[in-house]
Amino acid sequence: VQLQASGGGLVQPGGSLRLSCAASGNIFSINAMGWYRQAPGKQRELVAVIPTGRSANYADSVKGRFTISRDNAKNTVYLRMNSLKAEDTAVYYCNADLLVWGSSDYLTYWGQGTLVTVSS
């Protein structure tokens, strides 16, 4: 199983970006997909998560600015980020709780991270 994240880059304060993360491999089922971020010198933190068939949850710091969505047919999760601030600068990681064919346990897999830099 691989999670491939993309879409990071340099953006000015107030700007927007959309991150994408596609899961591929021997996947039977996906329970939830989400985005985390890690800023320099800080711990990794949850940004947003979207469980299958349920509403998304967001960190308070991004509510109203970020939107997480999924394309289940493509095993892909997106993060639309609007009104970006300098404090959103971080490496963004996607993850997925998924079940591979032949397994009985859901495991968490992580993408490689994509850097988002918000600066003028």
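At 1% relative accessibility, Leu98 counts as buried (buried means under 20% relative accessible area, exposed over 50%, partly exposed in between, with a 1.4 Å probe and protein chains only). Before we start: this is a predicted model, where local features need pLDDT of at least 70, side-chain atom pairs count only at pLDDT 80 or more, and totals for chains, interfaces and linings use all residues. Residues are numbered from 1 along each chain as its sequence is written, and side-chain values use heavy atoms, with hydrogens and water left out.

**Exercise 1.** Work out which strands E4 pairs with, and in what sense.

*Solution.* 
- Step 1: take E9, which pairs with E4 in the antiparallel sense over 10 bridges. (Two strands pair if DSSP finds at least two bridges between them.)
- Step 2: pick out Tyr36, standing opposite Tyr93 in E9.
- Step 3: now take E5, antiparallel to E4 over 6 bridges, where Glu45 faces Arg37.
- Step 4: follow the hairpin of E4 and E5; there are 6 residues between the strands, and Gly41 has a positive phi near 75°.

**Exercise 2.** Which residues of the largest nonpolar core touch the most other members?

*Solution.* 
- Step 1: collect the core, a set of buried Ala, Val, Leu, Ile, Met, Phe, Trp, Tyr and Cys residues joined through side-chain atoms within 4.5 Å.
- Step 2: of its 31 residues, Trp35, Val47, Phe66, Val77, Leu79, Met81 and Tyr92 touch the most other members.
- Step 3: trace the elements giving two or more residues, among them strand E1 (2-6), strand E7 (66-71) and strand E11 (114-118). E9 gives the largest share, 6 residues.
- Step 4: zoom in on Phe66, whose contacts beyond four places in sequence include Val47, Leu79, Met81 and Tyr92.

**Exercise 3.** Is Ser20 buried or exposed?

*Solution.* 
- Step 1: find Ser20 in strand E3.
- Step 2: read its relative accessible area, 17%, so Ser20 is buried.
- Step 3: list its contacts beyond four places in sequence: Gln4, Ala5, Ser6, Trp35, Val77 and Tyr78.

Definitions and conventions
Helices (H or I, at least four residues) and strands (E, at least two) are DSSP runs, numbered from the N terminus. Contact means heavy atoms within 4.5 Å.
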